[in-house]
Every structure is written in C-alpha cells, then in structure tokens.
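Please look at the sequence and the model first.

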Amino acid sequence: MSKGLRVLLGISVIFLVVFGAIVILGMRLVKKSLPQTTGDNKLSILSQPVTVYRDEYGVPHLFAQNEDDLWRAAGYVAAQDRLWQMDLNRRAVRGTLAEIFGETALAQDKFLRTWGFQRLARRIAENISPESRRALTAYAEGVNRFIAENQHRLPLEFSLLRYKPDEWQIEDSIGYTRLMGFMLNFAWFFEPALGKVADKYGMPMAMEIFPAVLENSPSIVPEMPKHVGARLDDFVQLAFDTRARLGAPPAVLGSNSWAVNGSRSATGKPILANDPHLGLNLPSIWYEMHLVSGAPGAETIDVAGVTLPGLPGVVLGHNRAIAWGFTHGMIDDLDFYLEKINPANPDEYWHEGGWKQMEVIEEYIPVKDGDPVLFKIRSTAHGPVASSINDAAQYDSLAVSFRWTGFEPTDEFYATQRLNRAKTWNEFQQAMRHLAVPNQNVIYADTAGNIGYYSCGRVPIRRDGKGYLPYRGWENAGDWIGVIPFEQMPHVYNPPQQYVATANNLIVGKNFPYYLSNAWEPTSRIERITELITANAQSSVETFMAMQNDVVSTHARRMLPVLLGMLDSSAVAQAGGNGTALSEDEKNARALLAAWDGNETPESMPAALFQVWTQELLLATIKDELGDTLFKAYAAWSSLAIRALEYLVRHPESPWFDNRATPAVETAPEIVLASYRRALQFLHAQLGDLMVDWQWGKIHQLTLEHALGKQRPFDNLFNAGPFPCGGSPDTINKGEYRLHDPFAVDAGPSVRRIVDLSKPEVAWHVIPGGQSGQAFSEHYKDQVELWRHGKYRQLSKRRDEIVATSRNTLVLRPN
C-alpha cells in the first residue's frame, strides 16, 4: 500500500470515528429528555408509593393508594410526556408567547390578554370547591417536581427556544379550560362576518349565504348596527393568527357521538362511540390515561380515557359503571355590543343614560430580545373592548365590546371529578350541572342498560330573546337577564328509538322556549349516522368502528342530482337545443359523477371531481362578490359555505349567481357549467390528463404539524406526513379543509373511542399521533398509521392484564 493511500485511509478512519462520536453525542443530547419509565424514583411529595405501568403505546396506568398521590403522580407523568405542550398552552393563557417567539407573537399576546384568560383564572381560583383546589394543587405539585428534577433534561423545544419553564400554578390549569372554551366558540367570527356582508350588500342578500340565520329569523328582516364587522377586522384576523399559532384551524366545530342500548346491541348492553373533531397536530391535543386510587376492590376512582395535558382527571372516558362522550353544543354564548365613546375621553362610554368610566387595565408584555411592551385593556359593563386591540381604534367614536359566558367564574373541575366517579344517570346529571363552559352535547351509557343525552353548559337568556346579531350597547335589548336552568336544557333518557346521536346538529325544534343558536352544522353527518344505526338491528364494536371511518357524503348525494340537472340544461342551451355542448372529456367526467354513490375514499375520482366542482362553484357565486379578504373571513367555517351552497342551488333565482364582472346577468345553470369546466381544468393541471389519476387523496392530504414544524428544517424533525385522506367537511370521518385554501386537511377526529358496556374494563382507542410530545420518542407518532387506516388499540382496565403486558413499570416512592 502506497504512503498516500495509507494517509488517505487513516484520515477516513479518523473522520468516521469523529463523525460517529458526533452522531452518538447528538443522539444522547436529543434523547436525554426522554423520561424514566422503569425502575424506582423518589418523590418527596408522595405519602405512599404509586405504580405507573405503560403499555406498548406508552399509555400510563397509574395505581395509587390515595387520591392526593394519584393527582401528584398524574401531574408528574403528564409532564414527563407533554411538558413543552403544557407550557405553550399556559403561555397562551398568560399572553406571553412573544417572550419565547419574539415580536412576531406580540399581537397575538394582545389578543389573548384582551380575553384575559389569566385574569379570569385568578378569579375562578378564588371560587372553586375544596375538592377542585385539592386535585389541582396536587397535580401542580407533580408537574413542579418533574420540572425541578429535570432542569438539565428538558424537552428539545426548550433548548431550541433557549428558555426554561416556570413553576406550574393551579391558574395555569384553570386558564387552559377557558382557552379551550374560546377554541370551541364560533360567535367571535360569525357575527362580524355577517355584519361585513350586510354592510356591503344589505341584510336580505347577506342572509341568503347565512341560511341558518334566515331559517331562524322572524319574517321581517332584522336590522343590524352598521359597520360592526369592519371595526372587528383586527380582532378577527388576530383570532385566526392566534389559533394557527396554537395549532387550531380558524373555526372547526365538528364532532360525532352516539350510543345504542342493549336492544340494538349485539352484546345486549349499550355501546358508545365518540370522535371529537379538532385541529390535527403533533403532539396530539389529547393525552390518554388510566387513573386508579384505592386498594383492589375498594377503588374510589377507576377511570380511563383521554384528558388535556395540564388538567387532572379524565375528560372523555369511562369507569366501571358508565361511559360518556362529548360533541360541541354549537350554542351561541357570546354577544358583541357597539358602544358610544365619549369624544372628550376615550375611556368613557355611554351607559344607562350617562358617560361611564371604563375599567382600564395596563399590563406589560415581555418580548424576546426586546423591551416589555405596555398594553391597555379597556372593558365596559358588557366586557372587553375588542376593537381597541388596534391602538388607533381607541380614538374612534364607536367601539365594540363583547360578553361571553366564559367570563363568569364556574368550576368545571368539580364537574370532572364528579363525572369520573359517577355510577348512575342521576350522579351523571349532578356532575354535569357544574359544566358551564363550553356548552357540550354529552351522551351517556351505563352497565345497567341505560342511555341518555344532556345539553350541558350555560346559555344566556337575552332580553329580546335573540342573540345572532350585534347589539347597540346603549340600549337594553341585548342585556343578559339570566341563564337557562339546567333542568330545562334539552335532554333525553332511554328514548323510544333506542339510540342517541349527536353531530353538532340542531338540538331541539322551534317550540323550545329559549334561543340557543342558529349556527348548527349541516345535516350530512347526522343523517349518515342515523342511516347506519337504523340499518343495523344489532350493532357491535366492529360496526361502530366502520361507522367512525365512514366517508360517504349525504351532502354530495343531495347536491349532485340538482347540479347535474343544471349542468345538462346549460349544456343543451349552449348547443342551441341541438344535443349538448359538453366535450367528450366533460361527458366522461359527468358519467363518473352520475354513477357515484357519494363514497369519498382517497382513491375516488368522483370525490375529487365533486369537491373541486363545488369549490369552483363557491368561488363563482360567493367569492366573486365578496372579494379575497371578506371571503376568507366568511369561509373560515366551511359549514357556512356548505349550507349556503345547498340553499342557493334550491334557489337558482338568487342574485349571488350573477357574475358581476360581466355586463350580462348569468343564470345559475350557466355558472354551474362554467364552474364544472374550471374544475376539470384544475384537475388536468394538478393531476394530469388521465382521469384515472384524479384521485381525491392526491390533493386532499394531511400533514400533522408541530408548532415549531412550520419552518425548515424543523418540519422534517417534528412533523409527520403528508398522507392521503378521504372524507370531507361533511362526512362522519371528517376531513376538514379551508375553503379559502383548499384542499389540505387541517382538522378531523382528534381521538376515536368506543366502549362496550358489557365489558367496561376494555375500550378501543386511537389518536392521530402518540402519547409522547418528544419527537425522538418511539411514542411520538406510533399511532398515526393505526389512525390513518381505521384501526384501533385496546385500552384495558384489568389490573392483572395491565401488569402482565406492561412494557415499562415505574414505581414512584416517597422519600
């Protein structure tokens, strides 16, 4: 061997050794924060040992001998897996995102501080029950013990952003529940969007694309205060930006839940299913836990399901006697008020016949690499002034404030504590009367064979009995004069049809004496759920699994015959009554649609055709009138546009069909044909000339994104996907996308759960991600493939089975 070759070989060996050492060191650095899940660990905060068994997916089963230790261990274990996610959420509560993200998050902090989640949490903390305080305090002790002992082993995100977490406070948990209330609220953008459309086109035309308002309005078109929507532009845009920062799409308000009793069940006992639809991100919004306190056979708590990281107790779950599930109630629990401002003093407003001083709070917002910024929050008797987020608006002659049920001190943790222990319908009701915010449709099933439903949460009673339009704050029509009593809220127990089902649909008919809402989800999902339940005389767990993954759109089934009829009439008219003006390509696509059963699988060509066609129709009818900015605000909630299209095709005389860019007045069939042709052009350009390649899943895809994965190269580290998806905003297996930015999926089933009450010690679960929030953990995204392909894993509550199959066992011992 020549000398030069030996030198080159030696350099190569040295390089490989150094490179290998760097790789090993790098992996140690990034994996150093992975939690201890085996052996013993001493926690001075405990009074007795707690054993934590983790299954093959990292789901913890906690066995404690008393409840205080159970909550301490629950806080500790949640922090092991999700500490940075918990810290990000509490920063949203506190309005301190700019402290870690810099000036780009300053406006979002102002928005969050206007809502005042932390100030509200402090007030709530002063009024909660002793039971809630005890659980919250113990949980915080567990989180803080983990933070204290892992200052040099924190998750990677803390290192990347160069900071360490503060101690956890009970107000952080309380504030997060209210933040979730905001995430599930829709009125914050619904009323401003309606207002802006009304300002531009008048209320009669506006109500045609807000058909729920039209259907629930009196025969005389109501008057709306002018320019309310324009004064809320900054507020609404900041809401969009803040939700995006936290991984929540602009407005996703969907979920499914249903239960059948033993007569409709193959096991002779009720079966319950639930899949709440929320933003799909990494880590998952939900964290799975099994919590047990007490000796075997004498447990005071034995509950399993999913919770929100940072909260003690199980939010959606089951114990050995009952199971429950939530869907969003769609209740209108927020109102806007136009306020007259004193020209001589911007901190005074007209109220009850005179100028009143606003409450003014000044707070300093910390900014990374910058000086703290002073922010002033102004509030009237109705609530915070939303329009003053923009400093220039503080000197306007009018302002807009808002009132929300979430601003009232309530104790949802007491509801959770009672619910986790409930054994009967009566105990369930006693727990649920304490659930105030946000309103939820709660379904119930028990081992005794009973099923039920209750609409739970505060609903304000307005003086004028309405609530879907902003009020003039100097008048009293919008005063809240009470809340609907819990006993009068819609509910049912053991209904004659032998099942209960909710999909954010209309709760009660027009004979209900109080106003609840006018913004229900379209009927497509509840229609399909009802169709499948009634088609199965004896449902099973497998039946419910298939239902939760069903992607048949009754919306498409309903729309297609009407659209094809309009298409044909316009094509014949264009041909002068002599045949059709459709090309061969257009005829072939039409044939695919005509033969389609509405099943929106990822491989479906008709699904792609239908979705792109209706998207183009939406742009031609509504966006062409509204323009880009207003259309984005309007279409933030896809259900609005879906319901509007269903209304408009039934009313082809509507002026929305006219293309205002042309001198001619177009008819509905002409716009339908033009939209159809643009849809085919889009698919040719995106997917090629072979129609067989026009598969829905090629343009309808999901990327599970981390908060730091929005930028390269962190997307490769933290994100998962993209994956082809079926479904759409109106299928049971929801594949939500933004109508103003199609067709990427950003929301869907955040967990799928099924409980057979003949075997309450077992449930079937899957989440779109994994238990861990740490990207280098094997449990960061190990359930993604199960979720994508409609598969489930068992969550057992049998102690002997848990011990026998545990992958990891950690014993937490007192000193």
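## Basis

This is a predicted model, in which local features need pLDDT of at least 70 and side-chain atom pairs count only at pLDDT 80 or more, while totals for chains, interfaces and linings use all residues. Residues are numbered from 1 along each chain as its sequence is written, and side-chain values use heavy atoms, leaving out hydrogens and water.

## Nonpolar cores

A nonpolar core is a set of buried Ala, Val, Leu, Ile, Met, Phe, Trp, Tyr and Cys residues joined through side-chain atoms within 4.5 Å; buried means under 20% relative accessible area (1.4 Å probe, protein chains only). The largest such core has 239 residues, and those touching the most other members are Trp115, Leu179, Ile209, Phe235, Trp613, Leu626 and Tyr634. Helix H2 (residues 67–94) gives the most to this core, with 14 residues; helices are DSSP runs of H or I with at least four residues, and strands are runs of E with at least two, numbered from the N terminus.

Another core, of 11 residues, lies apart from the largest one and includes Ala323 and Leu757.

## Helix H19

In helix H19 (residues 584–594), the buried residues are Glu586, Ala589 and Leu593. They lie on the same side of H19, because they cover an arc of only 65° around the axis, taken from the directions from the helix axis to the C-beta atoms.

## His318

His318 belongs to strand E8 (residues 316–318) and is buried, with a relative accessible area of 0%. Its side chain reaches the backbone oxygen of Pro760 at 3.1 Å.

Definitions and conventions: Buried means under 20% relative accessible area, exposed over 50%, partly exposed in between (1.4 Å probe, protein chains only). A polar contact is a pair of N or O atoms within 3.5 Å; within protein, one must be able to donate a hydrogen and the other to accept it, and residues adjacent in sequence count only if both atoms are side-chain atoms.
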